[in-house]
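Please look at the sequence and the model together before reading on. The report below moves from a sheet and its helices to a few single residues.

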Amino acid sequence: MKILMCTDGQPFAEEAIRFGAKFAHQLDADVTVLYVRARESGGDSIYLTTARKKMTEWNLDIPGIEYLKRAKQILTEAGLASPLHETETGVRKTFRESTEGGVELHLIGRRDERVRLKLREGESAEEILTEAGLGRYDLILTGSRGHQGFASYFVGSTALRIAEFAPCSVLIAKNIRKGRNFLMCTDGSGSAEKAEIFGAQIAQVLKARVTILSVAEEASVDAAKDQLRRAEMILAQMGIQAKVKVRVGRPSEVIIDEAKDHDIVVMGASGGSAVRRFFLGSVPLKVIEYGACPVLLVRDKPVTKRRASARAGR
Amino acid sequence: MGGFFRFLIRRRWVLAGFLLGGIILLMPPPAGLTAQGVKALAIAAVAILFFVTEPLPLPTVAILIGVFEVLLGITGPTEVSRSFISDSLLFILGSLMIAETIVKQKLDKRLALFILRITGPRVERIVIGLITVSALIASLIGEHTVVAMMMPVGMTLIASAGPEPRQLKNLSSLILLSIAYGAIAAGVGSPSGGARNAIVMSYWRQLFHLNVSYLRWMEYLYPMVLLQIPIVAFVLLKTFRPEVVDLTHSIDQLRVRVAQEGTMKARDNWTVVIFLITVVLWITVSDQIGLGTTAMIGVALYLISGIARWEDYSRGINWGIIVIYAGAISLGIAMRDTGAAGWVAQILLQWVEPLGLHGGIGLLFFIAVLTMSLATVMSSGATVGLVAPITLHMADLSGTSIVAAGLVTAAASAFTYMTTMGSPACGMVYSSGQLRRGDFLKAGWKMNMASLGLLLLMAFAYWSLLTFPVGVS
C-alpha cells in the first residue's frame with residue numbers, strides 16, 4: 001500500500017500523521033510525507049529554484065524542511081523509519097525540479113527507503129491532488145482542524161476539496177480520539193462493499209471494534225437488513241465480528257449523529273452524478289464537514305475502476 | 001463532471017478576463033479611438049487583469065496576446081512574429097544566459113570572503129559591504145543572479161550568529177534585505193541591469209526612432225546606483241536594529257566553508273574575464289552591432305570555452321520570462337499602431353492637468369508614481385511593457401523629453417521594495433523563510449520614497465548637464 005501523508009507543520013496535521021503511522025506500520029506501507037509551501041509568483045519560480053539550488057550547495061535548509069523532519073521523527077517513533085542523521089553516509093539530500101511544476105526535495109535515509117519526504121510549492125489542495133495523481137497512492141491522509149463552532153464553515157476547505165477530487169481513498173483525520181470503534185456505513189452499493197474491505201484491513205491491524213450501519217427509509221428496512229447481512233459476511237470472512245445497526249432517516253444526518261459515539265467513520269465515495277452531488281450535496285462530504293470524528297472515504301483507484309467497468313460491460 | 005467543476009473553480013479569473021474583454025469589444029468606440037484601438041485596449045485590459053491575478057502561467061498570457069492580435073485582425077501573422085522578437089529581446093536572452101553561467105560557478109564563496117576581509121566582523125560594516133557588492137554586480141547583470149549568489153552568504157552569517165536563529169529576527173531582516181535592496185536599487189544602473197531597461201530601449205527605437213547607447217544610459221543613471229548605496233544602508237540600519245553587533249563567529253564559520261572549496265579555479269577566472277569583455281563590448285561597440293548581438297558574443301565565448309553547457313541554458317533560463325517580454329512588447333507596438341496608446345496618454349494627461357502634472361517634472365513625477373504602483377502588484381517587466389508606450393506618448397504629446405520619460409519609467413518600475421512579488425529579488429529572499437511580509441513594508445516604503453525623490457532630483461538637476469542634455473523644467 002502507498003500512503004500520502006500531508007503536513008503543514010500544524011499540531012493537528014502532526015496528530016494525523018501519528019494516527020496514520022500506527023496502521024501504516026502494521027500494513028507495511030510505503031509512506032510519502034508531503035509539505036506544500038505557498039508559491040510566491042508563478043513567473044519567478046525558476047529564480048526561486050536557482051536560489052534553492054545555491055542554498056543546497058551551501059548545505060542550508062530551505063524552509064519547510066523542518067516540518068518534514070518533524071514528520072519523519074513521528075514516523076520514526078512509530079517504528080516506521082530508522083532515525084535520520086544528517087551526517088550518516090547514505091543520507092541523500094537531493095534537490096530537483098519535478099514534473100508538473102512541483103519542486104521536490106528528497107530526504108531519504110539509507111535503511112528506510114520506504115519513507116520519502118517531499119516538498120511542493122503552490123496552492124495546497126491543488127498540489128496534494130497533483131502529487132496524488134502522479135504518485136499513484138492508495139490513500140491520502142490529511143489532518144483537519146476539526147469543529148470549532150462557526151469557524152468550521154471556513155476551515156478545512158482544503159480537506160474537503162481533497163476528499164471530493166482525490167483519485168484514491170482519503171482519510172480526513174480530525175478530532176482524533178484514543179478509542180478504536182469503527183462505524184462502517186453501507187448502502188449495498190459496490191462502492192460501499194469496497195469500503196468495507198478497505199476499512200476491514202485497517203480495522204484488523206488496529207484491532208478495532210466494528211459496527212455496520214445501514215440507513216433506510218421507512219419502507220425499505222428489510223432491504224437494509226439484507227445489505228447488513230452481506231456486509232457482515234464480508235467482514236466475517238476477514239475475521240472480524242461486527243455489530244449491525246439499522247436506522248431510519250436521512251443518511252447524512254443519521255451518520256453524523258452516530259459518528260459522535262464512534263472513533264472513525266468508513267464510507268464509500270458516493271455514487272450519483274456530479275450534477276446530483278452539486279445540487280443535493282454528497283453524503284460523505286457532509287459527514288466530513290460536520291461529523292465529529294475522522295472519516296475514511298474509500299474510492300477505487302482509476303486503473304481498477306476501468307477494469308471494473310470492463311467487467312461490468314462484459 | 002466533478003473534474004469540470006474543479007477546472008471551473010481553478011480558472012474563474014480566466015473566465016472573468018474573457019468576459020471583461022468581450023464587454024470592452026462590444027462597447028461603442030469612445031471619441032478619438034478607432035475600432036482597432038478598442039481591440040488593442042481590450043487585449044491590454046485582459047492582459048493586465050491576468051498579470052495581476054495570475055490565473056494562468058504568465059507566458060500563456062503573452063502567447064494569448066499574439067494569438068488575439070491576429071484573431072481580432074489588429075495585425076497580420078508576419079507582423080506579430082516580427083514584433084515578438086527584436087535586438088532588445090536577444091539582449092535580454094543573452095543577459096540571462098550570461099547570468100546563468102555566472103551563477104553556476106562557485107564565485108559566491110570567494111565573493112563572500114572578499115567582502116568580509118574588507119568589512120571585518122562589525123554588523124554595520126558587513127551590511128554596507130553586502131549592499132555595495134550586491135549593487136555593483138546587479139548594476140551590470142540581473143538582480144536575481146546577485147541574490148542567488150549572495151543569499152546563501154547571508155543565511156550562513158545568520159545561522160551561525162547566535163544560539164537560536166529564530167531570535168535574531170532583526171539581524172535576519174537586515175542582512176537579507178541588504179542583499180535584496182542593494183540589488184534592486186542598482187538594477188537601473190545600466191541597460192543590462194534589468195530586462196525592463198532593455199524594453200524601454202526597444203520602445204525608444206521602434207516607436208520613436210531614438211537610439212540611446214549603453215554608455216549614455218549609464219551616464220544618466222549610474223550615479224543613482226552609487227548614491228543609493230548609503231541610502232539603503234541608512235534606511236535598513238535605522239529600521240532593523242540588529243540583536244548582535246559582532247559576527248566574528250559567523251565569519252569563522254564562513255571561512256571554514258570556503259576553505260573546503262580550495263583556491264579559485266581557472267574556470268572561475270575565465271567566467272569573470274569573459275563577462276568583463278562583454279561589458280566592455282556593450283560600452284564600446286554595441287552602438288554599431290546591437291546590444292543583443294554583443295550579448296550573444298559573450299554567450300558564444302562561454303559555450304566555446306566549455307564554461308557553459310547548452311543544457312545549463314535549456315534548464316536554467318527562465319524561458320517563460322522571455323515570452324512574457326516578447327508578448328508585452330508586441331502588445332505595446334499594437335497599442336501604438338492602433339492609436340490606443342496615444343488615446344490613453346491623452347486621457348491621462350487630461351486627468352492630471354488640474355493637478356499641474358501634465359508636463360515637465362510634474363509629468364515625470366506622475367509617470368514614476370504610476371509605474372511604481374503597477375510594478376508593486378505585477379511583474380516589473382510586464383509593467384514596463386504595457387505602460388511605457390503610454391508614458392512615452394504622454395511625454396511626446398506634452399513636449400517633455402521622451403528619453404527622460406523612458407528613463408523614469410524604467411527606473412520607477414524597479415522600485416519594488418514593498419512587496420514580495422514585485423521583483424524576483426524580494427521573492428527570493430522571502431523564500432528563505434526568515435522574513436515576514438511586514439518586514440518588506442516596514443523598510444520598503446521608506447526606500448520607495450527615497451528612490452523616487454532621488455530619481456526626480458536626478459531628472460531635474462543632473463540630466464540637463466550631460467553631453468546629450470535632457471532638459472526638464
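## Terms and basis

A residue is called buried if 20 or more other C-beta atoms lie within 10 Å of its own, exposed if 12 or fewer do, and partly exposed in between, with the C-beta atoms placed from the backbone. By this rule strand β1 of chain A is mostly covered, since 5 of its 6 residues are buried. Helices (H or I, at least four residues) and strands (E, at least two) are DSSP runs, numbered from the N terminus.

This is a predicted model, in which local features need pLDDT of at least 70 and side-chain atom pairs count only at pLDDT 80 or more, while totals for chains, interfaces and linings use all residues. Residues are numbered from 1 along each chain as its sequence is written, and chains are lettered from A and ligands numbered from 1 in the order in which they are written.

## The sheet of chain A

Chain A holds an open sheet of 10 strands with mixed pairing, in the order β5-β2-β1-β6-β7-β12-β11-β8-β9-β10; two strands pair if DSSP finds at least two bridges between them. Strands β5 (115-121) and β10 (242-248) of chain A stand at the edges with a single partner strand each, so one side of each has no neighbour in the sheet. On average, neighbouring strands of this sheet are turned by 20° against each other, direction ignored. Strands of a sheet pair through backbone hydrogen bonds, either parallel or antiparallel.

Strand β1(A) pairs with β2(A) in the parallel sense over 6 bridges, and in this pair Lys2(A) stands opposite Asp30(A). Between these two strands the chain passes through helix α1 (residues 11-27) of chain A, and this β-α-β crossover is right-handed, meaning that, with the strands pointing away from the viewer, the path from the first strand over the helix to the second runs clockwise. Strand β1(A) also pairs with β6 (residues 139-143) of chain A, in the parallel sense over 3 bridges, where the bridge partner of Met5(A) is Leu141(A). Strands β11 (residues 264-268) and β12 (residues 295-298) of chain A pair in the parallel sense over 4 bridges, and Val266(A) has Leu296(A) as its bridge partner.

## Helices on the sheet

Helix α3 (residues 65-77) of chain A packs on the sheet, touching β1, β2 and β5 of chain A, and its direction makes about 155° with that of β2(A). Here axes are lines fitted to C-alpha atoms, for helices over the stretch in contact, and angles run from 0 to 180 degrees between N-to-C directions. Helix α7 (residues 221-237) of chain A lies across β8, β9 and β10 of chain A, running at about 155° to β9(A).

## Single residues of chain A

Which residues does Ser124(A) contact, leaving aside its neighbours within four places in sequence? They are Val36(A) and Thr158(A), where contact means that the C-beta atoms, placed from the backbone, lie within 7 Å. Ser124(A) is found in helix α4 of chain A and, with 20 C-beta neighbours inside 10 Å, counts as buried.

Arg136(A), in the loop between α4 and β6 of chain A, has a positive phi of about 50° although it is not a glycine. Arg136(A) counts as partly exposed because 13 C-beta neighbours lie inside 10 Å.

Key. Two residues are in contact if their C-beta atoms, placed from the backbone, lie within 7 Å.
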